[in-house]
Amino acid sequence: MGLNAKWSPMYWPCGPKEVARVGASNSGSWELKKVAEGWAHPSALQLLKGTPVNCLLVEWASGAAADKPQQQALQPLLDAGRALGLSFVGKVSAKANPAQSAAAGRAAGLEAVMLEGGASQDLDLPAILEFPRDSIDWDGATGIYSTTGNVWPEINLPTMKGDIALGGPTGDPWVNSNGWFSLLARRMAPEKSLWLSIDLPDFPGMLPAEKYCLAIADSRVYGARGILSLDGQMRTALLNGDAPALDAWSRISETLSFFDRHAAWESYEPMGVLAVVSDFTGSNAFMAGETLNLLNRHQTQFVILDRRRALADPVTKLKAVLWMDDDEPNPAQARNLIAFVRQGGLFIAPKYWGPAGIKPHQEDWLFGYEIYNLGQGRIVVAPGGFSDPYQLAIDAHLLLGRENDLSRLYNPNGTNCYTSMGPDGRELVQILNYSPQAATYVALWIKAKARGAKLWSPHAQASTSLAGISASQGTSFDLPTVLVHCAVEIERTV
Amino acid sequence: MNRKTSRREFLGAMTMAAGAYIARPALLQAQQAPAGRVAVATCPEYNRQVVDALSTMFDQLGGLDTLVRGKTVAIKLNLTGSATVRLRYLPPEITTWPHPQVIWALVHLLDRAGAQRIRLLESPWATTEPLQEFMVYAGWQPKEFENAARRVEFENTNFLGSGKTYARFMVPGGGLLFTGYDLNHSYRDCDVFISLAKLKEHRTTGVTLSMKNCFGITPCTIYSDFAPEDEPLLVPRGGRSLFHFGNRQPPKSAPPAVNVNSPKEGGYRVPRAVADLVAARPIHLAVIDGIYSMAGGEIPNQYGGYHIPVHPGLLIAGTNCVSTDAVAMALMGFDPMADRGVHPFETSDNMLHLAEHLGVGTPDLTRIEVAGAPIAKARFDFRKVKLSAA
């Protein structure tokens, strides 16, 4: 018994606790209560037959009197599920006694518990620690760990919430994505698996399948797993055997299967010649995190480096280093960074840590920065420190120069792309469409010379061939309509 | 607004609206507005033939040497909209922007004619980024332009740029929309000013050619919704909506509106701004790329318009922007003397007439000498193509 990185988790709300929750909520309805009871019945598991979902997350203990009836009510479900090869993880809240809850869970057939808050103790079961995203303990995270506070991936249509700007005044549509955070998690806890807990968005009616597929893709493309959670109307409709819901479920399942078939992609390394360096904790977390988010949105390919461990060796394969934190590089880092700049590298920092005696200059187009020429490279400093991640992401991209782009989308609208490389050197560009409308006439440009590419999409078993068109010292691919996601596997010209 | 107006009514309305502000000498100038010779060439593709065609056309206009030898030449490109937006899969140079081959050929010929310094200018959308970066974003290689001549420079003119102050251009006769305009220094610090445009229709002004291209010389640090009341922004934000809607005035540091109560309607305001600009910052050479283009509007996928790629196979050039645009309009199947309400001016005043009345030039084809391919033979009817495609 142990945590299994191949688990494909799904939240399975049922039993007395769910009935009570539905009853207490304003939207509580007789039908939803019935569904909560129905999903506790073993027959509901038939829904999972032939799907990749193999791990169900159930409410287990919250330190309340209702824990016992809940656990008893779930027993038939657990027994039936285990017979079908399913694993169960019980959710244990901070108020419950973890040791007792785990012991009861072990007896009932749980394979792990998800602990809300606090560190894992000596338990009878493996633990999955759950953290709020903005206060995660990377070193303390368990083999599988979960975060809350994630966003539902979509285009964020409102531009203002009260006095807070949610969208930029111009430019690309504002997109909510957890991609940057999943990439950060891969760097900060490389041997561990991240499960994203994502609250469902408000929606009048059953959420369309595409929205679920996008949530899955936005997690899997970047190497994390979203905990699948269906809305109440979908669960009701599925229990009733409604055809539209079954069709939606089939498409959701197809998307999960697609990413399982291509699980190897999750280990592909992000490509980028810009390194973003921070410890991504405490007071540095917001600025550094939001800069990653916006760099990704601007299709600036980057790699993430943990400041505590990075740059101990000479810098290679990079064109630029964006040092986010006010903390000074340690002597080895400083030595390597200066050598990197002398050889033509770009170092962007909130303070100047270069050799003394160099007089900075400014450029007409770049407001708020001082530029120090050093050897063949430049150190670019924001004297007042970094304050606006939106502007910093734009400036970093322009300072690096678009000639260093590795990939780019034309007619992007609500799409974004993520470029990675497999161990065999094969490049993969995954395109996500965050818009509810299908993305048409999107063209992908990559810097590499390629003779063609394979196009994969979740709703087709086999790949199709894409012809490459030589363009701008690279290759362009005209993509067919992108509903939610597609992947372009590049066949490079040797 | 889509009203039918006779030419007489149009001119009357225009005179009334601007009457108090247009000096009488300007009205007199209208009667004498000059006509420039316009050269037209058929050129089916973007290849080396473009150099030959342009070279012949410039000879037909009297030669580039006398115009540019030893001079600083500024070229306003027509890189409108986003660098990543395309009509279907077609790159912008095929539908929206002048093709790099045409830019390269023009730069090369200017250099060959002895231009001392050639400056490529544009005001990319809401950014201070170097113009070269914007070109790279579109998939272009600006180094090719640098290699076309001995000294080529680029400047993003959507903000102060490398200048210390904005250059002020007052409109002769007082102006139709504003008395003057504050622009990036590049439009002052040149001896010769060229407008290099694409042959296109335009949602607001009917067509966008060498004159309308100059709408983009106005910096959005001053002429956008986001500019402060007193001074320009440092960094441009947003578009030039105050020209379209008259919803606000530019900062107090800029020349004021002729009449703050003038109509708040794009079809009235934008043509007047264009006429003002080409009167205040005269164009010495107008060049229009009509080899490939699109029908139906100026920017793909904008405003839900129906845009289709077209292949007129034409190059047009002239030393008078009004006459050049008049010939270009005729080649597109439009009457350059048309009044508001008649296509392509269904919802706008005719900016060519407005410029004519500022003394810039005549759109009267009977007064314009056309060299090269005759209009009747080279005509490519944009609306007919659009209709047949629809």
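This is a predicted model: local features need pLDDT of at least 70, side-chain atom pairs count only at pLDDT 80 or more; totals for chains, interfaces and linings use all residues.

Trainee: What covers the buried residues of α5(A)?

Mentor: Nine of the 10 residues of α5(A) are buried, so the helix is largely enclosed by the rest of the structure. The buried residues include A:W180, A:F181, A:L183 and A:M188. Their cover includes β11 (193-196), α6 (209-220), β13 (269-270), α9, β15 (302-306) and β22 (415-421) of chain A.

Trainee: Which residues make the contact of α5(A) with α9(A)?

Mentor: The axes of α5 (residues 179-188) and α9 (residues 285-297) of chain A come within 8 Å and cross at roughly 120 degrees. The contact draws on A:G179, A:W180, A:L183 and A:L184 from α5(A), and on A:G289, A:L292, A:N293 and A:N296 from α9(A).

Trainee: Are α5(A) and α9(A) parallel, antiparallel, perpendicular or oblique to each other?

Mentor: The crossing of these two helices, α5(A) and α9(A), is right-handed. Their axes cross at roughly 120 degrees, whereas the roughly perpendicular range is 65 to 115 and roughly antiparallel begins over 145. The helices α5(A) and α9(A) are therefore oblique.

Trainee: Are α1(A) and α2(A) roughly parallel or roughly antiparallel to each other?

Mentor: Helix α1 (residues 15-24) and helix α2 (residues 30-38) of chain A have axes that come within 8 Å and cross at roughly 170 degrees. Angles over 145 count as roughly antiparallel. The pair α1(A) and α2(A) is therefore roughly antiparallel.

Trainee: How many charged residues are there in the contact of α1(A) with α2(A)?

Mentor: From α1(A) come A:G15, A:E18, A:V19, A:V22 and A:G23, and from α2(A) come A:L32, A:K33, A:A36 and A:E37. Of these, four are nonpolar and two polar, and the number of charged residues is three.

Trainee: Which strands stand at the edges of the open sheet of four strands in chain A?

Mentor: The order of this sheet is β21-β24-β28-β27, with antiparallel pairing. Neighbouring strands are turned by 30 degrees against each other on average, direction ignored. Each edge strand has a single partner, so one side of it is left without a neighbour in the sheet; the two are β21 (407-410) and β27 (469-471) of chain A.

Trainee: Which residue of β24(A) stands opposite A:R408?

Mentor: β21(A) and β24 (residues 443-446) of chain A run antiparallel and are joined by four bridges. Within β24(A), the residue opposite A:R408 is A:W445.

Trainee: Which are the edge strands of the open sheet of eight strands in chain B?

Mentor: The strand order is β4-β3-β2-β7-β10-β13-β1-β14, and the pairing is mixed. An edge strand pairs on one side only, which applies to β4 (152-156) and β14 (370-372) of chain B.

Trainee: Which residue of β3(B) is the bridge partner of B:I75?

Mentor: β3(B) is mostly covered, with five of its six residues buried. Five bridges join β3(B) to β2(B), and these strands run parallel. β3(B) also pairs with β4(B), again in the parallel sense over five bridges. The partner of B:I75 in β3(B) is B:L120.

Trainee: At what angle does helix α6 of chain B run to β3(B)?

Mentor: Helix α6 (residues 100-112) of chain B lies across several strands, among them β2 (72-76), β7 (192-198) and β10 (285-290). Its direction relative to β3(B) is about 150 degrees.

Trainee: Is B:M135 buried or exposed?

Mentor: B:M135 is located in helix α7 (residues 131-137) of chain B. Leaving aside residues up to four places away in sequence, B:M135 touches B:W140 and B:P142. The cut-off for burial is 20 or more other C-beta atoms within 10 Å. B:M135 has 26 such atoms, and is therefore buried.

Notes: Residues are numbered from 1 along each chain as its sequence is written. Chains are lettered from A and ligands numbered from 1 in the order in which they are written. Two strands pair if DSSP finds at least two bridges between them. Two residues are in contact if their C-beta atoms, placed from the backbone, lie within 7 Å. Axes are lines fitted to C-alpha atoms, for helices over the stretch in contact, and angles run from 0 to 180 degrees between N-to-C directions. Angles under 35 degrees count as roughly parallel, over 145 as roughly antiparallel, 65 to 115 as roughly perpendicular and the rest as oblique. A crossing is left-handed if the near helix is turned anticlockwise from the far one by less than a right angle, and right-handed if clockwise. A residue is buried if 20 or more other C-beta atoms lie within 10 Å of its own, exposed if 12 or fewer, and partly exposed in between; C-beta atoms are placed from the backbone. Ala, Val, Leu, Ile, Met, Phe, Trp, Tyr, Cys and Pro count as nonpolar, Asp, Glu, Lys and Arg as charged, and the others, Gly among them, as polar.
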